[in-house]
Amino acid sequence: MAYEVLVLDVDGTLVNSKKEITEPVRRAIWECQEKGIYVVVASGRCTHGIRHQAKAIGLDHFGGYVLSYNGAHIENFATGEVVFDTKLPEGMIHELYDYAMEEGAGILTYHQGKIIATDENDPYVILDRDGCDIPVVQPEDFHRDVDFNVNKVIFTGDPDMLKELEKEAAARYQGVMSVYRSEPFYLEFMPLGIDKSYGIAKMIESLGYKRSQVICCGDGFNDVGMIEYAGLGVAMGNASAEVRSRADYVAPTCDEDGLVHVIEKFITL
């Protein structure tokens with residue numbers, strides 16, 4: 001069966017280590033869409049933080065989809081039609097804020113195209129700010145000023161500390177939220193059962209495709225679910241050994257235009 005849907009993580013997959021989409025990668029993805037292949041960008045970033053990359057590969061032109069917040073929000077990039085959206089339990093953001101303060105972790109979330117963070121100078125907040133090209137707002141009083149529901153929350157901090165905290169937090173919120181690291185320095189709190197694979201399943205159902213027709217490419221811990229879900233799960237060569245071990249195929253690195261190799265090998269252009 002031919003592959004009809006190509007799902008791409010952003011950081012370390014679609015963009016290289018310089019956060020650039022190279023011309024060979026852009027051209028190969030564009031040609032895919034000209035042949036009728038659906039292209040989906042799937043990222044842990046907020047929706048607004050994917051806009052530059054989505055536009056660069058023509059999702060606005062071809063009607064491709066953006067899957068943001070690790071699957072908690074899906075929309076057609078051309079029309080803005082929301083296919084799926086889910087948020088954390090009401091008020092959970094405030095419980096998580098208190099938890100982060102107890103553990104000495106930073107905390108961030110997103111609202112109306114902005115990062116909401118307890119420390120705008122946190123290096124991991126700055127990393128997200130620069131990658132997404134969106135501003136950071138530091139509330140004067142978090143409990144008072146954050147009066148909205150959110151798609152996800154991220155704790156930031158030392159990777160070793162978050163590795164241990166991940167186990168504790170996952171046990172603490174079992175049956176309430178999904179907890180996992182997307183990067184060594186980001187611990188994510190998501191609506192229960194939500195990850196990229198869940199979002200992709202929702203999306204292809206709406207399009208009438210089967211998982212066997214889907215290629216998913218990624219490099220991060222938060223890509224494992226979709227890599228295992230896909231008809232063809234691809235890990236980039238720059239992925240960790242753990243992520244690579246879960247893939248059907250390991251492509252060259254993002255700095256070697258690995259996506260071009262995948263498209264040429266598995267999609268007939």
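Leu 108 stands opposite Ala 117 of β7. The model is predicted. The strands concerned are β6, residues 106–111, and β7, residues 114–117; they run antiparallel and are joined by 4 bridges. Tyr 110 has a bridge partner in β7 too, namely Ile 115.

β6 and β7 form a hairpin. Between the two strands lie 2 residues. Gln 112 sits in this turn, and its phi is positive, at about 50°.

Ile 115 stands opposite Val 136 of β8. Ile 115 is also the partner of Tyr 110. In general, strands of a sheet pair through backbone hydrogen bonds, in either the parallel or the antiparallel sense.

The loop between α5 and β8 holds Asp 133. Phi of Asp 133 is near 55°, a positive value in a residue other than glycine. Asp 133 counts as partly exposed because its relative accessibility is 44%, between the limits of 20% and 50%.

## The eight-stranded sheet

A second open sheet has 8 strands, in the order β5-β4-β3-β2-β1-β12-β13-β14. Its pairing is mixed. β5 (82–85) and β14 (249–250) are the edge strands, and each pairs on one side only.

Within this sheet, β3 (residues 65–68) and β4 (residues 73–76) run antiparallel. They are joined by 4 bridges. Tyr 65 stands opposite Asn 76 in β4.

Helix α8, residues 196–207, packs on the sheet. α8 touches β1 (5–8), β2 (38–42), β3, β4, β5 and β12 (214–218). Its direction makes about 155° with that of β3. Helix α11, residues 258–266, lies across β1, β12, β13 (232–235) and β14. α11 runs at about 160° to β12.

## Two residues of this region

Is Ser 68 buried or exposed? Ser 68 lies in strand β3. Its relative accessibility is 0%, so Ser 68 counts as buried; the limit for buried is under 20%. Leaving aside neighbours within four places in sequence, Ser 68 is in contact with Ser 43, Arg 45, Cys 46, Thr 47, Ile 50 and His 73.

Asp 257 is in the loop between β14 and α11. Phi of Asp 257 is near 55°, positive in a residue other than glycine. With a relative accessible area of 21%, Asp 257 is partly exposed.

## The largest pocket

Which residues lie nearest the centre of the largest pocket? They are Asp 11, Lys 19, Ser 182, Glu 183 and Tyr 186. In total, 29 residues line the pocket. The elements giving two or more residues to this lining are α5 (123–132), β10 (177–183) and β11 (186–191). α5 gives the most, with 4 residues.

The space in the largest pocket is about 470 Å³. By class, its lining has 11 charged, 10 nonpolar and 8 polar residues.

## The cavity

How many cavities of 30 Å³ or more does the structure hold? There is 1. The largest cavity has a volume of about 30 Å³.

Leu 88, Pro 89, Glu 90, Gly 91, Met 92 and Ile 93 line the largest cavity, together with Phe 148, Asn 149 and Val 150. By class, this lining has 6 nonpolar, 2 polar and 1 charged residues.

Key:
Residues numbered from 1 in each chain as written. Predicted model: local features only at pLDDT ≥ 70, side-chain atom pairs only at ≥ 80, totals over all residues. Heavy atoms only, no water. 1 Å grid on protein atoms, 1.4 Å probe; cavity = no way out; pocket = protein on both sides within 12 Å on 5 of 7 lines; lining within 4 Å. Points joined across faces, edges and corners; volume = space filled by probe spheres on them. Nonpolar A, V, L, I, M, F, W, Y, C, P; charged D, E, K, R; others polar. Pairing = 2+ DSSP bridges. Contact = heavy atoms within 4.5 Å. Axes fitted to C-alpha atoms, helices over the stretch in contact; angles between N-to-C directions. Buried < 20%, exposed > 50% of the residue type's maximum accessible area, 1.4 Å probe, protein only.
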